[in-house]
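Here is a quick tour of one protein model, meant to be read with the viewer open.

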Amino acid sequence: GAGAHARSLSAVAPAVACHLRALALVGAGSAVAAGRRCALLLQVAQVARAGGALAAAIAHCRDALRLARSLESAGLMARAALIFGGAFVATRIDDELVSMLEETLPLLPATAVAERAQVSARLAAALQPAEDPREPMHTARGAIALARQCGDQGVLLRTLRSAISALMDFAPASERYELNREYIALALRADDLAEQFRGQMRLMIDCVELGRGDGFASAVRACDHIARSLGLPHYQWRAASAQVFRAIVQGDFDAAEQHLQVAQEFAARCEDRGADLALALQRLDLLEATAAGEPQRIEAGVQAVEEVFPELSWAEVFVRTYLLNLRRRHGLAVTAAHDVDAALVERVLSWGDRMSIGDLVELAVHRGDRDLCERVYAALSPYADQCAHWGLMGMGWCGPIAYLLASCDQFLGRTTQALAHLQTARALAEQMRSGPALKKIDALQQALQTGRESQAAPGGAPRCDRLVLQADGEMWRCLLYTSDAADEFCHGWVWVGGGG
């Protein structure tokens, strides 16, 4: 009655209060009473989670799971696990959630197709990022196929919610794009604003990866509109962060600063752990663009990101190389604790995240490691027509992957290939309306053409065999030295980096 009526997202507190009053009226003696109590606990948890009260939602789910176990109800256990795992999570593997799902799935009968589809999909998502992402991806695709057999759009919506999580950052962007469009369409039919928001956030990432600037802008606007309708900080900080993302891509750093302050204010009012790393990375991204001559501010930004590391699984693989490159570019202290060893390089390459692999370009150039540069080139080449990004973990843009390939080509002395890659990079940057990316592309193209002219002239400059990077404003001076004249400056302004 009243609890169901109040369960709109704009009235979370009244809904929770109604359900808690109902809980107080339900006894705990009989199995029937325990079943009712468990169901009410799950309703309270669901409403609390939707309103961003994640700690309360988790506590209620744990209580419900204990009751469901005592009742030997696989169905109630599945609901508890699914609600427990319903919040946005980035780069974290929650062992408690994985344990819940792995305990529940074998207990569900083969005839419980809807429940098995949803639990399998959520388990696949919970296991990402995995050492080998392909296995959870296979499970996620199987869960989607199972959900389609049900013929129930609600089941398909809930299954897609989790299954797409397992595919984000790993499956082809074109596959995710179509799934997210279907997911949004289902959420619209269900008039579910929270699911629409989640779908638009993911679609935003797909459009960034595919270089679809219009789709990117449309998704950002949709997120802002939905977050305003929901009126909850759990969604509002993400919508503001998406605005930061777009503003930095387009080079509107004043707007980015304003949106970032709004995002931080909303994040401080909710219990979303994902805000810590995402906003710290965006702050650092903005500092790189606006405070290049202020190493103390850059250092503070780096430390803010590093402080989040202990709480995050796999964050080191995502961002350690980026932070090392940034420290060197800005003349910050680099110790053994900041360095990237061979084992971490192998993890980055085997994992396959394009943003992280892109950061290895600058590392290879700094070390003069041609073999590593060739390996990075081979890993990135299949994605030459796409862009690299932080995903929902940090909502930052590296730019066209073709630009990174051109940087590799420059280092390896392949001017013709580099210039060809820059044409692709330019088209993507124009579609994304990214002024900063176009400036970097212009600078690298000018450097390559200058080098080609020098090589063609009589007595032209000898082959470049190492690079030294110096920070200067928004661009990086790429000093190309030759083994014959260690102090001879050959090329001009070039950016060779990965992240940011």
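## A cavity with a charged lining

Sort the lining of the second largest cavity by class and you get three nonpolar residues, one polar and four charged. Before going further, keep in mind that this is a predicted model. The residues around the space are D169, E209, D353, R354, M355, C387, A388 and H389. Two elements each give two or more residues to that lining: helix 19 (354–367) and strand 1 (387–389). Strand 1 is the top contributor, with three residues.

How much space lies in the second largest cavity? It comes to about 60 Å³.

## The overall picture

Zooming out, the protein has 23 helices and four strands. Of its 500 residues, 57% are buried. Look at the contacts with a separation of 6 or more, and 62% of them join residues 24 or more positions apart.

The largest nonpolar core takes in 118 residues, and the ones touching the most other members are M204, F216, F245 and V376. Helix 11 (residues 193–210) supplies the largest share of this core, nine residues. There is also a second, separate core of 28 residues, with A64, A68, M77 and L123 among them.

Y183 is part of helix 10 (residues 173–189). Is Y183 buried or exposed? Its relative accessibility is 0%, so Y183 counts as buried. Setting aside residues up to four places away in sequence, Y183 touches L157, L160, R161 and I164, along with E195, R198, G199 and R202. R158 is 25 residues from Y183 in sequence, and their C-alpha atoms are 8.9 Å apart.

Over in helix 17 (residues 315–329) you'll find R327. R327 is an arginine that counts as buried because its relative accessible area is 3%, under the 20% cut-off. Which residues is R327 in contact with, leaving aside its neighbours within four places in sequence? The list runs E299, V302, E306, L332, A333, V334 and H338.

Helix 15 (residues 274–290) has 17 residues, which should span 24 Å at 1.5 Å a residue; the end C-alpha atoms are 25 Å apart, so the two values agree. Of those 17 residues, 14 are buried, so helix 15 is largely enclosed by the rest of the structure.

Helix 22 (residues 415–431) also has 17 residues, and from first C-alpha to last it reaches 25 Å, close to the expected 24 Å. The buried positions in helix 22 are A418, L419, H421, L422, A425, L428 and A429. Just past the end of helix 22, check the backbone at R433: its phi is positive, at about 55 degrees.

Technical notes
Residues numbered from 1 in each chain as written. Predicted model: local features only at pLDDT ≥ 70, side-chain atom pairs only at ≥ 80, totals over all residues. Heavy atoms only, no water. Core = buried A, V, L, I, M, F, W, Y, C linked by side-chain atoms within 4.5 Å. Buried < 20%, exposed > 50% of the residue type's maximum accessible area, 1.4 Å probe, protein only. Expected span 1.5 Å × (residues − 1). 1 Å grid on protein atoms, 1.4 Å probe; cavity = no way out; pocket = protein on both sides within 12 Å on 5 of 7 lines; lining within 4 Å. Points joined across faces, edges and corners; volume = space filled by probe spheres on them. Nonpolar A, V, L, I, M, F, W, Y, C, P; charged D, E, K, R; others polar. Contact = heavy atoms within 4.5 Å.
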